[in-house]
Every structure is written in structure tokens, then in C-alpha cells.
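This report describes a protein chain through its cores, surface, charged pairs, strand pairing and backbone geometry. The sequence and structure come before the text.

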Amino acid sequence: LAFIVIILVLALLGGSLWSMYFSTVLLTKRVKVVGTDELTPAQVSFAAQVPLGVPLVRQDLDAIGERTTTLRAIEAATVTRDWPSTITVAVVERRPVLAVGQPEGYVLVDKFGVAYQTQQVLPPEVLLAVVNPGDVPLLSEMATVAAALPNKLRRTVDRMTASNRDSITLVLESGRTVTWGSSTDSELKAQVVTALLKLILGAKAGVGGA
């Protein structure tokens with residue numbers, strides 16, 4: 001009896017493995033893309049290059065994810081199996097915090113300092129940076145500063161400038177300049193600058209009222 005039970009278990013296990021790895025029942029028939037905004041699902045699917053007709057269990061999820069992130073506009077990608085026949089690719093697109101003006105348009109830079117796209121119009125809420133777009137370390141420093149700015153402060157900034165990591169400067173729409181220095185302690189600096197500007201504007205209003 002024990003021998004028969006073992007044989008049955010092995011047969012069931014073998015049948016399950018055969019169904020998963022070789023049967024036509026669990027083949028990859030569809031690619032589902034989620035999380036796109038600026039990109040289209042077709043663009044992501046083309047980059048992912050998921051081979052259809054392959055058993056779902058034999059798909060190399062890591063390789064699919066690596067191919068997907070070759071698109072510069074994608075920050076991260078997660079690939080999962082959706083039984084019985086779908087590969088789901090969930091992406092996180094990069095979001096610009098800086099834009100560098102160039103003859104061909106504005107080069108968009110995300111919070112990690114990655115320049116990933118060029119477009120003709122400066123997006124709203126994205127700071128204009130006067131900097132060499134090929135200077136990746138400096139772009140990263142400036143992106144860290146831009147990402148740390150609260151919305152209220154960001155809206156008062158006309159542009160950012162820098163010639164090196166210790167000379168980052170905010171040029172406000174009012175004409176005032178804020179010498180930021182490096183990106184170190186940017187969140188604390190943002191709080192200090194916001195408080196100082198509030199005091200300056202409050203004092204100016206008081207003088208005007210008097």
C-alpha cells in the first residue's frame with residue numbers, strides 16, 4: 001500500500017511539473033503593462049521582449065525586468081507571473097525635478113540626477129537649471145536640492161545655477177539669490193530658507209503698512 005501511495009504521489013508530482021514546464025495549457029499568451037503615464041504600454045512591452053508561447057514558469061523574470069529598465073524613462077520595473085497565461089510588467093516612471101535648457105529643448109532630470117528625456121516645453125513645477133547636462137555628479141547634487149524644496153518654496157524659484165557642487169544657488173523670481181552650497185542637509189536648509197523668506201516678506205509688509 002505504501003509503495004502504491006508513493007507511486008501515486010510521484011505520478012501527481014510528475015504530472016504537475018510536466019504541466020507547468022511543457023504543457024500547452026500554461027503557456028505565456030499575454031503581456032500586461034501597468035504604471036505607465038508618459039510612456040505607452042506598447043513601448044514598455046517592446047522593451048521587455050517577453051517571449052510568447054513559452055511556459056509561464058520558464059520565463060526569466062529578472063531578465064525581463066532588466067530589459068524593461070533599458071528605457072531611460074523607467075526608474076524601476078517589477079515582473080510577475082499572472083496565472084495561467086500572463087506576464088505582468090509593473091513600471092515606475094521617472095519624474096523630473098530639473099530641466100536643463102538646450103538648443104533642442106529641455107533635458108529632463110529626475111531626483112537621482114539621471115537625464116532621461118528631452119522635450120520642447122518646460123513642465124510645470126520643474127525647476128530650470130543652468131548647468132552642464134553632461135556633468136552627472138553636479139546634476140545629482142542639484143537634483144537632490146530640487147527634490148528637497150517644499151512646493152511653496154519651489155514656486156518662488158526662477159532658476160538654479162551651479163559651477164561646482166559647493167556653489168548651488170537659487171535665483172528667486174523676486175531677484176533675490178539664495179546661496180545653497182552643496183546638497184548636504186538640503187531638507188534642513190529648505191526649512192531655514194522658507195522661514196527666512198517668511199520673515200523678510202513679513203517685515204516688508206509691516207514696513208509697507210506703516
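## Nonpolar cores

The largest nonpolar core has 27 residues, among which Leu 98, Met 142, Met 160, Leu 170 and Trp 180 touch the most other members. A nonpolar core is a set of buried Ala, Val, Leu, Ile, Met, Phe, Trp, Tyr and Cys residues joined through side-chain atoms within 4.5 Å. Buried stands for under 20% relative accessible area, exposed for over 50%, and partly exposed for values in between (1.4 Å probe, protein chains only). At least two residues of this core come from each of strand S4 (96-102), strand S5 (105-110), strand S7 (127-130), helix H4 (136-148), strand S8 (157-161), strand S9 (168-172), strand S10 (177-181) and helix H6 (186-209). H4 gives the most, with six residues. Helices (H or I, at least four residues) and strands (E, at least two) are DSSP runs, numbered from the N terminus.

Leaving aside neighbours within four places in sequence, Met 160 is in contact (heavy atoms within 4.5 Å) with Leu 98, Leu 127, Leu 128, Ala 129, Val 130, Met 142, Val 145, Ala 146, Ile 168, Thr 169 and Leu 170. A second, separate core has 18 residues, including Val 44, Val 50, Val 89 and Leu 108. In soluble globular proteins, nonpolar side chains tend to be buried together.

## Model and overall composition

The model is predicted, with local features needing pLDDT of at least 70 and side-chain atom pairs counting only at pLDDT 80 or more, while totals for chains, interfaces and linings use all residues. Residues are numbered from 1 along each chain as its sequence is written, and side-chain values use heavy atoms, with hydrogens and water left out.

The protein chain contains six helices and 10 strands. Of its 210 residues, 35% are buried. Among contacts between residues at least 6 apart in sequence, 46% join residues at least 24 apart.

## Surface

The accessible surface of the protein chain is about 12,300 Å², and carbon and sulfur atoms account for 60% of this area. Accessible areas come from the Shrake-Rupley method with a 1.4 Å probe; for residues, only the protein chains shown count as cover.

Leu 188, Val 192, Leu 196 and Leu 199 make up a nonpolar surface patch with about 390 Å² of accessible area together. Patches consist of residues with over 30% relative accessible area and no salt bridge, like charges being joined within 9 Å and nonpolar side chains (Val, Leu, Ile, Met, Phe, Trp, Tyr) within 5 Å. Leu 199 is in helix H6 and counts as exposed because its relative accessibility is 59%.

## Salt bridges

Seven salt bridges are present in the structure. Each is a side-chain nitrogen of Lys or Arg within 4 Å of a carboxyl oxygen of Asp or Glu. Asp 110 and Arg 94 form one of them, with the closest N and O atoms 2.7 Å apart. This pair links distant parts of the chain, 16 residues apart: Asp 110 is in strand S5, and Arg 94 is in the loop between strand S3 (86-93) and S4. Both partners are buried, Asp 110 at 1% relative accessibility and Arg 94 at 15%.

Arg 95 and Glu 93 form another salt bridge, with their closest N and O atoms 3.6 Å apart. Arg 95 is partly exposed at 45% relative accessibility, whereas Glu 93 is buried at 6%. A network of salt bridges links Asp 37, Glu 93 and Arg 95. Asp 158 and Arg 159 also meet in a salt bridge (2.7 Å, N to O); Asp 158 is partly exposed at 38% relative accessibility, as is Arg 159 at 31%.

## Strand pairing around S5

Five of the six residues of S5 are buried, so this strand is largely enclosed by the rest of the structure. S5 pairs with S4 in the antiparallel sense over six bridges, where two strands pair if DSSP finds at least two bridges between them. Gly 105 in S5 is the bridge partner of Gln 102. The two strands S4 and S5 form a hairpin with two residues between them.

S5 also pairs in the antiparallel sense with strand S6 (residues 115-119), over four bridges. Thr 118 in S6 is the bridge partner of Val 107. The hairpin of S5 and S6 has four residues between the strands, and Gly 113 in the turn has a positive phi of about 85°.

## Backbone geometry in loops

Trp 83 and Pro 84 are joined by a cis peptide bond, with omega about 15°. Pro 84 lies in the loop between strand S2 (74-82) and S3.

Gln 49, a residue other than glycine, has a positive phi near 50°. Gln 49 is in the loop between helix H2 (41-48) and helix H3 (61-68) and is exposed at 51% relative accessibility. Glu 125 is not a glycine either, and has a positive phi of about 65°. Glu 125 is in the loop between S6 and S7 and is partly exposed, with a relative accessible area of 45%.
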